[in-house]
Amino acid sequence: MKKHIEVVAAVLTYQEQFLAVQRAESHLHYVSKKWEFPGGKVEVGESLQDAIKRELQEELDIVVESPQFLITVEHSYPDFDITMHCFVCALASRDVTLREHIAKQWLTRDELMSVDWAAADIPAAKKLMGDVE
């Protein structure tokens, strides 16, 4: 049986733009250097809101208030299954510090599909564009 992980992801917004961050190179080819919404694993006993706040502090050195639920994505990668809870978080500026990712891009709604997203992040990007699956 494949491992199942529960994660949170933040759709960070600033003036009609969305932050995409690029993963580092990985031995897992299907996520290596792919773009994603920042976030990470939910720890035992942690609420989804607390998890997203902690992950953004760790990964981008930012503090967010009241994340708003967007979508939950279920996805099967070759080596594991993922449940990803996505939250929209409005930022007061574009200032973020990349601590784990190798690049970032602020994308308009029309530019969202211009990056090579990790597969689990695609439904969230499409939802932001108004596409409903």
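Me: Is C89 buried or exposed?
Reply: This is a predicted model. Buried means under 20% relative accessible area. C89 has 1% relative accessibility, so C89 counts as buried.

Me: How many disulfides are there?
Reply: A disulfide needs a pair of cysteine sulfur atoms within 2.5 Å. The sulfur of C86 is 10 Å from the closest cysteine sulfur, in C89, and that is too far for a bond. C89 is in no disulfide either, with the sulfur of C86 as its nearest at 10 Å. The count comes to 0 disulfides.

Me: What is the relative accessible area of C86?
Reply: The cut-off for buried is under 20%. C86 is buried. Its relative accessible area is 0%.

Me: With which side chain does the side chain of T83 make a polar contact?
Reply: T83 sits in strand β6, residues 80-90. At 8% relative accessibility, T83 is buried. Beyond four places in sequence, its contacts include I5, E6 and T72. The polar contact of the T83 side chain spans 2.6 Å, and the partner is the side chain of H4.

Me: Is E55 buried or exposed?
Reply: E55 belongs to helix α1, residues 48-60. Buried means under 20%. E55 has 7% relative accessibility, so E55 counts as buried.

Me: With which side chain does the side chain of E55 make a polar contact?
Reply: Leaving aside neighbours within four places in sequence, E55 is in contact with V8, G39, G40, K41 and L60. The polar contact, at 3.1 Å, joins the side chain of E55 to the side chain of R54.

Terms used
Residues numbered from 1 in each chain as written. Predicted model: local features only at pLDDT ≥ 70, side-chain atom pairs only at ≥ 80, totals over all residues. Heavy atoms only, no water. Buried < 20%, exposed > 50% of the residue type's maximum accessible area, 1.4 Å probe, protein only. Helix = DSSP H or I, 4+ residues; strand = E, 2+ residues; numbered from the N terminus. Polar contact = N/O pair within 3.5 Å; in protein donor to acceptor, adjacent residues only side chain to side chain. Contact = heavy atoms within 4.5 Å.
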